[in-house]
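Visitor: I'd like to go through this model with you. Can we put it up and start with the charged contacts?

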Amino acid sequence: MGKILEQLGIYGIPETIENSILASLTLGDPALLIGAPGTAKIDTVQMIGSALREQTRRKFPNDPDKWMKFAIYDASKLEYEDLLGIPNPEPMRHGKMEF
């Protein structure tokens with residue numbers, strides 16, 4: 001792949017990292033960025049999310065439900081329940097897990 005983020009105006013991300021980010025976006029799975037403090041992890045996600053949101057806003061100007069949504073979490077301060085919610089006990093009685 002490579003160079004797709006440059007088309008969105010985002011430069012300086014190595015191709016291997018770009019491929020991982022794009023795979024995460026394509027599959028709808030979360031991406032966990034790990035690195036030392038100050039290495040622009042949050043800035044990178046903010047730029048990608050903003051660029052993709054702007055693209056979807058232009059493509060679907062009258063349908064905000066189709067605009068890309070994203071969230072940034074600081075995993076060092078995150079609790080399990082913050083992401084998934086609290087388990088609902090009623091479905092658990094039937095062998096299902098819902099949050």
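**Salt bridges, pockets and surface**

Guide: Arg 58 and Glu 54 form a salt bridge, with 3.4 Å between the closest N and O atoms. A salt bridge here is a side-chain nitrogen of Lys or Arg within 4 Å of a carboxyl oxygen of Asp or Glu.

Visitor: What kind of model is this, and how is it numbered?

Guide: It is a predicted model: local features need pLDDT of at least 70, side-chain atom pairs count only at pLDDT 80 or more, and totals for chains, interfaces and linings use all residues. Residues are numbered from 1 along each chain as its sequence is written, and side-chain values use heavy atoms, with hydrogens and water left out.

Visitor: Back to the pair. Why are Arg 58 and Glu 54 about one helical turn apart?

Guide: Because they are four residues apart in helix H3. Helices are DSSP runs (H or I, at least four residues), as are strands (E, at least two), and they are numbered from the N terminus.

Visitor: Is Arg 58 buried or exposed?

Guide: Arg 58 counts as exposed, at 59% relative accessibility. The cut-offs are under 20% relative accessible area for buried and over 50% for exposed, with partly exposed in between (1.4 Å probe, protein chains only).

Visitor: Which other residue forms a salt bridge with Glu 54?

Guide: Arg 57 does, with the closest N and O atoms 3.3 Å apart. Glu 54 and Arg 57 are three residues apart in H3, which spans residues 41–59, so about one helical turn separates them. Glu 54 is partly exposed, with a relative accessible area of 27%, and Arg 57 is partly exposed too, at 38%.

Visitor: How many salt bridges are there in the whole structure?

Guide: A search of the whole structure finds four. One of them joins the side chains of Lys 66 and Asp 63, at 3.8 Å from N to O. Lys 66 is partly exposed at 46% relative accessibility, and Asp 63 is partly exposed at 25%. As for Glu 54, Arg 57 and Arg 58, salt bridges that share partners join them into one network.

Visitor: Which residues lie nearest its centre?

Guide: Of the 26 residues that line the largest pocket, Ala 31, Leu 32, Val 45, Ala 71 and Tyr 73 lie nearest its centre. H3 gives the most to that lining, with five residues. The lining of the largest pocket divides into 18 nonpolar, four polar and four charged residues. Ala, Val, Leu, Ile, Met, Phe, Trp, Tyr, Cys and Pro count as nonpolar, Asp, Glu, Lys and Arg as charged, and the others, Gly among them, as polar.

Visitor: And the second largest pocket, what lines that?

Guide: The second largest pocket holds about 190 Å³ of space. Its lining includes Ile 13, Ile 17, Ala 31, Ala 40 and Lys 41. H2 supplies the largest share of that lining, three residues. By type, the lining of the second largest pocket has six nonpolar residues, three polar and one charged.

Visitor: You mentioned Ala 40. Where does it lie?

Guide: Ala 40 is in the loop between H2 and H3. Its phi is near 65°, a positive value in a residue other than glycine. Ala 40 is partly exposed, with a relative accessible area of 34%.

Visitor: What about Leu 5, buried or exposed?

Guide: Leu 5 is buried, with a relative accessible area of 1%. Leu 5 belongs to helix H1, residues 4–7.

Visitor: Last one. Where does Phe 99 lie?

Guide: Phe 99 is in the segment after helix H5 (89–92), and is partly exposed, with a relative accessible area of 42%.

Note on methods:
1 Å grid on protein atoms, 1.4 Å probe; cavity = no way out; pocket = protein on both sides within 12 Å on 5 of 7 lines; lining within 4 Å. Points joined across faces, edges and corners; volume = space filled by probe spheres on them.
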